Amino acid sequence: MNIELIAQIIGAIAWIFFLLSYYSKNLNKIIFMQIISSVLYCANYGLLGAWGGLFISGFELLKEIGYYKTDKDRYIFYFTIPIYILIAFISEKSILILIPIIASLLDGYGALKSKKLMVITGVISNTLWIIYDLYYLDYIVVLTDLMLVISNLSILIYGYTKFLNRDNVYTVSGKYISKDTMNKLYKLDKNYYDCMYLWNVDIMNSMYKSEKNSYILIKDKSELIGYINILNIDSKVYNKMMNSDKIYDSFENNDIQVFKTKKIII
């Protein structure tokens, strides 16, 4: 088995680990899976002699952990600039190294500004990575980058279409929600979330009965297209959530507090 084929297989396995990380409920497991994915991507680039891709993939992992663990995103981004300059000097002695460096800087810059700019820079960034990966015949990684470009473009196109029709979208109080409406909310969840992140209709109804001011419905003309559910939970439950490394989504009725308006007496 030649080195190129081994690299393609490793690239495919790295992609699988990256996808599986999104299905992990435990936060530590998500990070662990993405660490494995990044290590495999480094091995993929290393076997193909793409030293820039190797160094940047490893550094991107450290940067993302820094983004997650702290709220100093802007300072972390500025700190990465001299690191990328160093990577340019120790990687391929070719102008080619500028491609993944520019791609990574665009990603970092977009993440600091807004979600829309992040999607736009993501399209440009992944397109640049496709060019870089094609040079090294890294076809598996090219395929995954292409899927991300298509995904981001669809977000931009769909989002722009919704923006043109924004006058038709409005919110209404969900204080009085029928069983039929609650079933529609459940179907919306089922269309967009994995089963492990879903509450069944009985739980949704139970939480709603605990506090009927917790729902805001979003409609496009007369069609229900989304909702916001705000649960006012007990402080002890909140602290338990914040101190847990798992996604906490199990509540009892007495965990839900009634919304109260605080009156200031002067």
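## The second largest pocket

The second largest pocket in this predicted model has a volume of about 610 Å³. A pocket here is an open set of points on a 1 Å grid over the protein atoms alone, where a 1.4 Å probe fits and protein lies on both sides within 12 Å along at least five of seven lines. Its volume is the space filled by probe spheres set on the points, which are joined across faces, edges and corners.

By type, the lining holds 15 nonpolar, 2 polar and 2 charged residues. Nonpolar covers Ala, Val, Leu, Ile, Met, Phe, Trp, Tyr, Cys and Pro, charged covers Asp, Glu, Lys and Arg, and the others, Gly among them, are polar.

## Around S214

You will find S214 in the loop between helix 9 (201-210) and strand 2 (215-220). Helices (H or I, at least four residues) and strands (E, at least two) are DSSP runs, numbered from the N terminus. Is S214 buried or exposed? S214 counts as buried because its relative accessibility is 1%; buried means under 20%, exposed over 50% and partly exposed in between, with a 1.4 Å probe and protein chains only.

The S214 side chain reaches the backbone oxygen of E211 at 2.8 Å. Leaving aside residues up to four places away in sequence, S214 touches I228, N229, I230, L231 and F259, where contact means heavy atoms within 4.5 Å.

## A positive phi at L137

L137 sits in the loop between helix 6 (115-135) and helix 7 (139-164). Although L137 is not a glycine, its phi is positive, at about 55 degrees. Most residues other than glycine have a negative phi. L137 counts as partly exposed because its relative accessibility is 46%.

## The protein as a whole

The protein has 10 helices and 3 strands, running α-α-α-α-α-α-α-β-α-α-β-β-α from the N terminus. Of its 266 residues, 34% count as buried. Among contacts between residues at least 6 apart in sequence, 63% join residues at least 24 apart.

## Reading the numbers

Residues are numbered from 1 along each chain as its sequence is written. Local features need pLDDT of at least 70 and side-chain atom pairs 80 or more, while totals for chains, interfaces and linings use all residues, and side-chain values use heavy atoms, without hydrogens and water.

Terms used
A polar contact is a pair of N or O atoms within 3.5 Å; within protein, one must be able to donate a hydrogen and the other to accept it, and residues adjacent in sequence count only if both atoms are side-chain atoms. On a 1 Å grid over the protein atoms alone, a cavity is a set of points where a 1.4 Å probe fits but cannot get out, and a pocket is an open set with protein on both sides within 12 Å along at least five of seven lines; lining residues have an atom within 4 Å of a point.
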